[in-house]
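This report walks through one protein chain for a reader who is new to structures. Please look over the sequence and the model before reading on.

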Amino acid sequence: MIDFTCDGCQQVLQIGDEWAGKLGHCPQCGTNSRVPGNPKRTSKLVIALRMAIIPFLVVAFWGLMLSIAAPVLGLILVLGGIGAIVFGLCFCWGFTNICTFLYSPRYFRLWKKGGGDPFFDTLSGPFNNDPPATRYQEMYREKARQEGEEFNRTFGLRPPAAPDASKGIDDPNVI
């Protein structure tokens, strides 16, 4: 459970972990407040296992069939098939990461900063069922920040300065 404070009435609310990073509705005042925390992502290992299970079952079936006639050939087929599956996954992962890095190094760094991976995050269901907001959260935040900076530059605005802690609340120069 996540404890957070409502932005409207300052009441402490408790909500389930699945709401991390989403908007929560306050039952007291009706305000929608962002629930702190990052949504949990599907593990890369789980996604890789989901991708490899069907090819592995096919290789295991044909290896078993071949091992009845020639046990050594069946074992070679199974080991070779597992090696080919692992090589294929690693090749696709590396190729996707290299192409993303070369095409857009800025987005690649943001992806990695947010704990994501271009290969695993771009897979669709049934391999990766995470919603896009979870997959691309760091990029969304960075894009919004950059658009805000561009807007401020265009119109000559500067972000508000942090209040000076040394000045008291009664100081007329403090807003």
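How many helices and how many strands does the protein chain have? The protein chain, shown here as a predicted model, has six helices and four strands. Read from the N terminus on, the elements run β-β-β-β-α-α-α-α-α-α.

**Confidence and overall make-up**

The protein chain averages a pLDDT of 80, and 87% of the residues score at least 70. Among the elements, α2 has the highest mean pLDDT, 91, whereas α5 has the lowest, 73. Of the 175 residues in the protein chain, 26% are buried. When contacts between residues at least 6 apart in sequence are considered, 40% of them join residues at least 24 apart.

Strand β1 covers residues 2–5, and its side chains can be sorted by face, with I2 and F4 on the covered face and D3 and T5 on the uncovered one. β1 pairs with strand β2, residues 12–15, in the antiparallel sense over four bridges, and V12 in β2 is the bridge partner of T5.

Six residues lie between the two strands of this hairpin, and Q10 is found in that loop between β1 and β2. Most residues other than glycine have a negative phi. Q10 counts as exposed because its relative accessibility is 53%, and the cut-off for exposed is over 50%.

**The loop between α4 and α5**

The loop between α4 and α5 contains P126, and the peptide bond from G125 to P126 is cis, with omega near 10°. In general, most peptide bonds are trans.

D130 is found in the loop between α4 (118–122) and α5 (132–135). Is D130 buried or exposed? With a relative accessibility of 11%, D130 counts as buried, because the cut-off for buried is under 20%. The side chain of D130 makes a polar contact of 2.7 Å with the side chain of T42. If neighbours within four places in sequence are left aside, D130 is in contact with K40, R41, T42 and R135.

**Aromatic rings**

A pair of aromatic rings is described by the distance of the centres and the angle of the planes.

F87 and F91 are both exposed. Why are F87 and F91 separated by about one helical turn? F87 and F91 are four residues apart in helix α2 (residues 71–103), so about one helical turn separates them. Ring pairs also link F87 and F91 with F95 into a cluster.

A charged group meets a ring elsewhere in the chain, where the charged end of R106 sits over the ring of Y107, 4.6 Å from its centre.

Notes: Residues are numbered from 1 along each chain as its sequence is written. Side-chain values use heavy atoms; hydrogens and water are left out. Buried means under 20% relative accessible area, exposed over 50%, partly exposed in between (1.4 Å probe, protein chains only). A polar contact is a pair of N or O atoms within 3.5 Å; within protein, one must be able to donate a hydrogen and the other to accept it, and residues adjacent in sequence count only if both atoms are side-chain atoms. Contact means heavy atoms within 4.5 Å. Two strands pair if DSSP finds at least two bridges between them. Rings of Phe, Tyr and Trp (its six-membered ring) pair if their centres lie within 6.5 Å; planes under 30 degrees apart count as stacked, over 60 as edge-to-face and the rest as tilted. A charge sits over a ring if NZ of Lys or CZ of Arg is within 6 Å of the ring centre and within 35 degrees of the ring normal. pLDDT is the predictor's confidence in each residue, from 0 to 100.
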